[in-house]
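Hello,

Here is the structure I promised to pass on. Please open it alongside this note, and read the findings below with it in view.

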Amino acid sequence: MRLIIDCDPGNGIAGANVDDGLALALAIAAPQISLELISTVSGNTPSEIGYSVAKSLLQKLGENIPVLRGASQGFLEPMNIWREKLDYGVDQNGLRDLWEYVAPPKQFPIVAPSASQGMGELVCRNPGEVTLVAIGPLTNVAHAMQLYPEFAKSVAEIVIMGGVFNVPGYQKDTNFGIDPEAAHLVLTSGANITLVPMDVTTQTQMLHSDLDYLSTFNNPLCKFLVDTIRPWMNYSIKTRGLEGCWIHDALTVAWLIDRTIVTSTQNYVDVVLEGADRGMTCFYEPESASFNINVSNKINPITILNTVESDRFLSMIFHYIQNY
């Protein structure tokens with residue numbers, strides 16, 4: 001399977017989530033996946049930081065996969081409020097020392113934002129052959145759709161980690177909240193889309209005992225994951241009251257490897273763009289939709305993952321990572 005991953009990785013960055021890195025690791029380690037492009041978008045981390053995280057990981061592994069930096073902010077949403085929350089929450093919680101012994105990623109020269117062009121060209125030159133995993137805000141994907149009108153029908157599938165319907169304490173998720181306009185454009189594009197919302201990803205959890213198990217395998221991918229996930233796990237335990245940490249983004253790649261580990265339904269999904277509910281995920285009936293969808297788009301229902309067999313999911317991760 002030919003794959004692009006558009007992400008906002010934070011492995012090694014104090015206070016930043018590490019599930020993007022786990023998704024990248026699973027895609028790199030699984031032999032049935034050919035990861036042909038990694039692009040970064042501002043979300044969990046700024047796009048230039050995510051770029052260095054991804055490049056640093058690939059350098060550690062000796063992998064030669066193109067990495068392109070993408071959008072620094074969403075279409076309309078002010079980024080400064082989100083950056084304050086995402087970049088400085090670790091200091092507001094007084095927990096930066098959890099990363100005291102973690103080497104930050106090597107800094108790489110910042111390249112021109114070209115993620116949307118790169119993914120657009122790869123998809124449109126190979127119609128029906130390339131799958132896109134989007135595990136950050138959808139800004140890069142939306143830009144690609146604007147630049148390449150054939151993108152939505154040329155991409156084999158877009159698997160999106162984003163949205164939340166009924167998770168206590170979460171009105172909206174970060175990926176859709178940072179760029180609601182991009183999420184709206186992509187979700188209503190007519191592309192073949194699978195949505196992996198927080199409702200299913202919060203059924204997943206990795207524990208310190210899982211990291212202890214991975215640490216027994218002597219390969220650079222296991223070491224990278226153990227070293228960078230452990231401080232985030234401690235942060236998650238202290239700030240979220242969990243026993244470990246959720247591993248949201250990795251489920252997108254696992255779904256592509258084995259679709260039997262989840263249950264799913266289909267429905268029409270969009271994002272609220274105005275008012276107090278801006279950024280929230282919603283269902284709609286296409287016949288009575290109040291938003292303006294390009295009439296050339298064939299509106300398709302979206303596959304939505306509902307439940308996951310967590311034990312099988314973790315076993316899959318262990319199997320491929322330890323055998324890398």
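**Helices on the sheet**

Helix H8, residues 180–187, lies across strand E5 (157–161), strand E6 (193–196) and strand E10 (302–308). Its direction runs at about 145° to E5. H12 packs on the sheet as well. H12 touches strand E1 (2–7), strand E4 (130–134), E5, E6, E7 and E10. The direction of H12 makes about 145° with that of E5. Please keep in mind that this is a predicted model.

**The sheet itself**

The sheet is open and has 8 strands. Their order is E3-E2-E1-E4-E5-E6-E10-E7, and the pairing is mixed. Which strands form the edges? They are E3 and strand E7 (262–267), each of which pairs on one side only. On average, neighbouring strands are turned by 20° against each other, direction ignored. At the E3 end, E2 and E3 run parallel and are joined by 3 bridges. Ser39 has Leu68 in E3 as its bridge partner.

**H12 and H13**

H12 also packs against helix H13 (residues 310–322). The angle is about 85°, and the axes are 11 Å apart. H12 is therefore roughly perpendicular to H13. On the H12 side, the residues that meet H13 are Ala250, Leu251, Ala254 and Ile257. They meet Phe313, Met316, Ile317 and Tyr320 in H13.

**His248**

Look next at the loop between helix H11 (220–240) and helix H12 (250–257), where you will find His248. Is His248 buried or exposed? It counts as buried, because its relative accessibility is 8%, under the 20% cut-off. The His248 side chain makes a polar contact with the side chain of Thr201, at 2.6 Å. Beyond its neighbours within four places in sequence, His248 is in contact with Asn17, Asp19, Met161, Met198, Thr201, Thr202 and Thr204.

**Helix H2**

Helix H2 covers residues 47–61, which is 15 residues. From first C-alpha to last it reaches 21 Å, close to the 21 Å expected at 1.5 Å a residue. Its buried residues are Ser47, Gly50, Tyr51, Ser52, Val53, Ala54, Ser56, Leu57, Leu58 and Leu61. What covers them? The cover includes helix H1 (19–29), strand E2 (34–40), strand E3 (67–69) and H11. Just after H2 comes Gly62, with a positive phi of about 70°.

Best wishes

Terms used: Residues numbered from 1 in each chain as written. Predicted model: local features only at pLDDT ≥ 70, side-chain atom pairs only at ≥ 80, totals over all residues. Heavy atoms only, no water. Helix = DSSP H or I, 4+ residues; strand = E, 2+ residues; numbered from the N terminus. Buried < 20%, exposed > 50% of the residue type's maximum accessible area, 1.4 Å probe, protein only. Polar contact = N/O pair within 3.5 Å; in protein donor to acceptor, adjacent residues only side chain to side chain. Contact = heavy atoms within 4.5 Å. Expected span 1.5 Å × (residues − 1). Pairing = 2+ DSSP bridges. Axes fitted to C-alpha atoms, helices over the stretch in contact; angles between N-to-C directions. Parallel < 35°, antiparallel > 145°, perpendicular 65-115°, else oblique.
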